[in-house]
Amino acid sequence: MTAVPRPARPSRAVEAQEGVKDLIVRRGLVAGDPLPTESELMEELQVSRNSVREALKALQAVGIVDIRHGFGMFVGRMSLSGLVDELAFHSRITLQNGRNHLAHLIEIREILESGLVQRLIDLGPEADLAPVADVMARMDHESQVGEVSPETDRLFHDLLYRPLGNPLVSQLLGAFWDVYHQLRDHLGAPDEPPGDVARRHRDIYAAVLAGDRAAAASAVYAHFDGVRNRLARLGG
């Protein structure tokens, strides 16, 4: 009878990683809270200093631990920077190879925003969109004197969905934005007139204010036409 091989035991550093995560959960720590020192973790987890350091380095890489030299160690704040870098890299190396990662990412963002505008419409008068009106005025002004700045464009989307009260929305859209702008030099110059850029954003804003679901869906789709056109020129 053939013996079934036992699964390999996790290394001490991997066990230490799980130990640190379990400690954070058991103690009810949240982002920004201080963590025990290396020596305290060694005693708590019964592992060597090297294992603790290797574990902390791995946890720092994924944002679970924040190591501030001279100040100590803290529970990290959620960050999608690692995801952004990976998506940007793989999108860059596939830009010339048919339907690339960036096209897929734009498609996901479009699907996400199409659903988000419907949620905004569900909120009705509860959604405070006054800050968006100010950004729209700024965008209109920029489109008349030059180009709509990336900062204004990003702020529009951030403020538009803020009434939903979901902090992950801002982080996810920010991650998509960061990937796109890491690759902007590889995509060529935008071919949309600034006035069209402002108009597409205003169409989204107006449809949400009017509670027009069909118009909101159409406006979100049209918003991404410029990006689709730039990808099409690259054969994406």
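Predicted model: local features only at pLDDT ≥ 70, side-chain atom pairs only at ≥ 80, totals over all residues.
Biologist: Which residue takes a positive phi in the hairpin of strand 1 and strand 2?

Modeller: Three residues lie between the strands of this hairpin, and Gly 70 adopts a positive phi near 90 degrees.

Biologist: How should I read the crossing of helix 2 and helix 3, and at what angle do their axes cross?

Modeller: Angles of 65 to 115 degrees count as roughly perpendicular. Here the axes of helix 2 (residues 38-45) and helix 3 (residues 49-61) cross at roughly 110 degrees and come within 9 Å, and the two helices are therefore roughly perpendicular to each other. On the helix 2 side Glu 38, Ser 39, Leu 41 and Met 42 take part, meeting Arg 49, Val 52, Arg 53 and Leu 56 of helix 3; by class, the residues of this contact are four nonpolar, one polar and three charged.

Biologist: What volume does the second largest pocket have, and which residues are closest to its centre?

Modeller: Rolling a probe the size of a water molecule over the atoms shows where empty space is left. The second largest pocket has a volume of about 190 Å³, and of its 13 lining residues His 157, Asp 158, Val 169, Ser 170 and Leu 173 are the closest to the centre. Helix 7 (150-161) and helix 8 (167-182) are the elements giving two or more residues to this lining, with helix 8 giving the most, six residues.

Technical notes. Residues numbered from 1 in each chain as written. Heavy atoms only, no water. 1 Å grid on protein atoms, 1.4 Å probe; cavity = no way out; pocket = protein on both sides within 12 Å on 5 of 7 lines; lining within 4 Å. Points joined across faces, edges and corners; volume = space filled by probe spheres on them. Helix = DSSP H or I, 4+ residues; strand = E, 2+ residues; numbered from the N terminus. Axes fitted to C-alpha atoms, helices over the stretch in contact; angles between N-to-C directions. Parallel < 35°, antiparallel > 145°, perpendicular 65-115°, else oblique. Contact = heavy atoms within 4.5 Å. Nonpolar A, V, L, I, M, F, W, Y, C, P; charged D, E, K, R; others polar. Pairing = 2+ DSSP bridges.
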